[in-house]
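Me: I'd like to learn how to read a helix and an interface. Can you walk me through them?

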Amino acid sequence: VRQALPHAVLLAGAVALYVAASRIDVDTGGRIGPAVWPKTILVIMAILCAYEIVKRLLGGASERAKGLVEGLETPGEEGRAEHPRRLAGGVALVIAYVFGVQALGFFVATVLFLTLFPLVGGWRRPVLAASMAFAGSFALIVVFMRVAYISLPLGMGPFRELSIALIRLLGVT
Amino acid sequence: MDALAALGGGFVSVFAPMNLLAMVIGLVVGMLVAVLPGLTLVMGVVLALPFTYKMGVAPALVLLTAMYCAGTYGGAITSILFRIPGEPMDVPLLWDGYEMTRKGLAALALGWSLVAALFGGLISAIVMVMLTEPIASIALRFSSPEFFSVVCFGLASVVTLSGASMVNGLISLCLGLLVATVGVDSIYGAERFAFGLPFLQDGIEFLLVMVGAYGIGEVLSRMMAGDPPAAQGDRATRFLTAFPSWVEMLRMKATFIRGTIVGILVGIVPGAGATVSSFVAYGLENQYGKAALGKGAPEGIVAAKTAATASVGGAFVPLLAMGIPGSGATAIILAAFLLHGIQPGPQVFATRPDLINLVFAAVFVATVGKCILGYIAIKPLCKVLDAPEAVVSAFVVVFCFVGAFAQRNNVSDLYVIAAFGILGYLFERLRFPLAPLVLGTILGPIAENNFMTTMVSFNNDWTVFFTRPVSGVMLALAIAGLVWPLARSLRARYRERKDSERGYTPSP
């Protein structure tokens with residue numbers, strides 16, 4: 001049952017989206033409407049998911065019907081120990097960065113992210129990580145704002161003031 | 001003659017100061033990206049894209065083309081010397097390249113890979129120049145049913161060649177096509193799957209899907225997998241390259257030709273790219289070549305490397321001729337074209353032939369440039385292997401977010417990219433291939449527009465897709481491509497059952 005779970009979730013999603021697509025209401029004057037294309041895809045997807053669920057429930061997961069090119073994995077990957085805590089930490093940091101960059105601005109959020117991410121990833125040199133994060137964030141600001149002319153989030157409140165002071169220091173107007 | 005003169009003009013443009021600078025940067029960065037196991041070629045090109053927003057279209061195309069070309073070579077060095085495949089396409093080089101290193105023939109192995117990269121790259125570039133314009137002039141006569149069928153063929157080939165379960169590949173493709181439908185539809189202006197959220201009303205940019213799934217998704221997968229295996233081989237190895245003699249090369253001409261043909265053909269097929277070419281060519285060499293591969297045979301290096309580099313020229317053909325990217329990297333190059341307001345395809349040959357010739361010339365120059373760089377800069381290139389993977393990953397994430405944000409200065413794009421990053425990780429984990437999802441997002445709008453136009457123009461008669469010759473053939477090929485692996489699998493099961501009924505156990 002667990003093996004069929006991803007396909008069951010996708011099947012439920014396909015059904016829900018089909019219902020949403022059925023509510024697209026446009027006067028097409030007898031021509032084919034904007035809901036036809038997504039509905040067709042959803043029907044195909046639902047059939048595929050249902051097929052895979054039945055197959056997995058009856059015979060367990062099978063990777064038999066593969067594409068033409070099989071076994072493209074790098075050797076040695078399969079035997080490696082997994083690190084779900086690192087992954088959870090990584091996901092949490094990525095999500096925190098998305099929100100942090102809006103509140104703290106690019107520079108502060110990036111310094112924090114570049115310090116913490118390697119530590120969560122198993123690199124046990126916090127002082128070096130922090131130094132590299134600071135230097136790296138500064139270099140990124142220079143590269144993006146002075147060389148590539150990309151505007152970056154400034155943050156809110158005092159962090160906005162800090163970001164503005166920093167970009168003034170760099171001579172970006 | 002005119003074509004040669006135009007190509008000459010392309011070379012002159014490539015050597016203009018700004019373009020030349022972009023070429024050198026592209027080659028160096030492309031090599032570094034390929035050497036680092038934590039960064040893939042496609043990720044590297046994705047990360048370079050934001051830097052091209054404010055560039056002119058010419059240096060932007062030169063930069064990305066150079067990165068793409070160089071990215072197909074750099075990983076060969078670390079595979080051969082340290083048993084670290086910088087790119088998935090370099091895995092076949094472990095089997096023979098690293099074996100040669102263990103026998104003390106590292107310099108010769110590097111020489112063979114360099115010659116193979118040069119040969120495959122240059123021949124495919126010549127084929128690209130010869131094929132693209134004729135295909136574009138044929139494509140100019142295509143109508144919407146033909147374009148729809150060509151896209152269907154491309155999407156079917158992505159699923160067929162995705163290397164995972166066919167059903168999962170098709171589901172991944174369906175998801176990609178669905179993502180492309182989010183937002184306001186182009187014909188009726190109807191809102192689809194936006195659920196009242198303003199950022200979904202604008203649609204989901206394929207670039208966000210690509211950056212999230214390939215960039216963040218890959219980083220998360222590597223976090224789960226932990227530290228990579230330690231490099232094998234002596235780091236103090238002298239970084240020298242010894243070239244094979246002309247006689248030795250001539251003796252291997254069949255391998256060179258086979259690898260190059262495979263690379264070009266697989267490259268032309270949308271979605272396949274260098275990795276598939278490399279594996280297919282190695283497999284063919286194993287089957288039809290004279291040498292026993294896997295024990296340090298140079299034929300193994302030549303087959304895989306000619307095919308990987310030859311796929312570059314092949315992948316540019318559908319992009320330039322029809323606006324359909326042949327690989328992940330060419331999908332980013334398509335994005336660079338679009339960001340500068342140019343839609344690649346048959347019309348570009350009339351409106352901006354200078355850009356087409358610039359890309360042609362850039363492929364030639366980058367092919368030679370990567371080989372020169374691969375010859376003179378092996379030692380400094382290998383130095384980047386000392387960078388801790390967790391630090392590299394952290395910078396990759398930041399680059400991904402900046403790239404996503406910079407395109408529209410829209411904070412909500414950051415949510416989208418994070419969501420697709422997590423989805424990309426889940427896809428890898430659950431063995432759903434990523435390529436169909438990404439290609440589905442890119443080609444979905446083209447497929448839908450042509451499907452809708454056909455249905456409107458032909459009074460909802462769907463049989464036109466099968467009754468028009470070109471369209472019918474392309475759809476038949478697409479269906480055959482999907483059905484063949486399934487038939488092969490069913491046949492294998494049938495044989496297995498028959499064998500077990502007869503009490504015969506095949507040897508492992």
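Me: Which residue of chain B forms a salt bridge with E82(A)?

Reply: First the ground rules: this is a predicted model, where local features need pLDDT of at least 70, side-chain atom pairs count only at pLDDT 80 or more, and totals for chains, interfaces and linings use all residues. Residues are numbered from 1 along each chain as its sequence is written, chains are lettered from A and ligands numbered from 1 in the order written, and side-chain values use heavy atoms, leaving out hydrogens and water. A salt bridge is a side-chain nitrogen of Lys or Arg within 4 Å of a carboxyl oxygen of Asp or Glu. Here E82(A) pairs with R429(B), with the closest N and O atoms 2.6 Å apart. The rule finds 1 salt bridge across the interface of chain A and chain B.

Me: Which element gives the largest share of the side of chain A that touches chain B?

Reply: That's α3(A), with 19 residues. Helices here are DSSP runs (H or I, at least four residues), numbered from the N terminus.

Me: Which residues of α4(A) are buried?

Reply: Start with the general idea: an α-helix has 3.6 residues a turn, so residues three or four places apart point the same way. Buried means under 20% relative accessible area, exposed over 50% (1.4 Å probe, protein chains only). In α4(A), the buried ones include A129(A), A133(A), G136(A), L140(A) and F144(A).

Me: What covers the buried residues of α4(A)?

Reply: The cover includes α3 and α5 of chain A, together with α20 of chain B.

Methods
Helices (H or I, at least four residues) and strands (E, at least two) are DSSP runs, numbered from the N terminus. Contact means heavy atoms within 4.5 Å.
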